[in-house]
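Hi,

Here is the structure I said I'd pass on. Have a look, and my notes follow below.

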Amino acid sequence: MVTFGVRRWETLGDSVQGVNKRHNQDWYACEGTGGGDDPLVLAVADGHGSARHARSGLGARFAVDRFLLRAAEFGRAARGCHEPGRLARLMAYARDDFPRALVHDWREAALGHWARNRSVADEGAREPEQDEKLVLYGTTLIGAVLTPLLFVAWQIGDGDLAIVEHDGALRRPLAPVEEDLGDETESLCGPQAWRAVRTHWAPVFDEARTPRLVVLSTDGLSKSFASADGYREFVAGLDGRLRAEGSEGVRAVLPEWLRQASQYSGDDTTLAAALRPVDLLPEDAGAMETERKTET
């Protein structure tokens, strides 16, 4: 039986508060190594931030935290995903059951927080409907899980998932057919929110064809450019600089890049990314072979 050693991914991420914003309503996380027993999980969330969504910063944290738990569990379950019939079952779960479970977890967290933190001034006031409570915590979410055999991502609302493939091709597989107008977007607080979750499903049949860079960002980044081409050029430039200089130099300047973007968009701006180290890219197949072992 062929098994995979620990997949080594490097991660970087940061978040900056928008110009004239009182609080940063974004949240993000990068956890795990990408190994079969320790999937790499990335997530970014963008709380809506208006008075109507007064607790959306908390909503963003709840979304990321609940996603981390669900996605890590899903990633570990994918260890044997190439066994007959298992891949189809996992795909059905990813597209149908995972969004329902995630939305349920988020709503449970938001409603639990509301119940524990109702203002004393509200005592005696009309009890809000459940949907009214959830609106307070409204947020978008983009999340991804990477294992040696599987790459899956989910998105509800705005923001961007960009992938630089092994051959340098850049894709945005979860971009909507029509961009959201103004500040309107799908949300975890929406009715039947699970129906609005978009899924990217990408089994890894050839390890050498695994993406070399995965970037998740809130819309504060993409809105800082005049067009989608500007955002694509940013991601391509990020990929080029990471390959030329490594992650440490980019990690040091990333906060300044995000601050500059925020100056243009006026919004909180967050990025989380995972990159394959150079010694794991296709041009050094021998290095990848050392990560495989055969058990009898």
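The secondary structure of the protein chain comes to seven helices and 12 strands (DSSP runs numbered from the N terminus: H or I of at least four residues for helices, E of at least two for strands). Before you dig in: this is a predicted model, where local features need pLDDT of at least 70 and side-chain atom pairs count only at pLDDT 80 or more, while totals for chains, interfaces and linings use all residues. Residues are numbered from 1 along each chain as its sequence is written, and side-chain values use heavy atoms, leaving out hydrogens and water.

Of the 296 residues in the chain, 50% are buried (under 20% relative accessible area, 1.4 Å probe, protein chains only).

On to the cores (sets of buried Ala, Val, Leu, Ile, Met, Phe, Trp, Tyr and Cys joined through side-chain atoms within 4.5 Å). The largest nonpolar one has 41 residues, and Phe67, Trp106 and Leu141 are among those with the most contacts inside it. H2 gives the most to this core, with 10 residues. Apart from it lies another core of 20 residues, including Leu242 and Leu254.

Leu254 is also one of the buried residues of H6. That helix covers residues 247–265 and reaches 26 Å from first C-alpha to last, close to the 27 Å expected at 1.5 Å a residue (1.5 Å times one less than the number of residues). What covers its buried residues includes helix H5 (228–245) and strand E11 (269–275). After H6 comes glycine 266, with a positive phi near 75 degrees.

Cheers

Technical notes:
Contact means heavy atoms within 4.5 Å.
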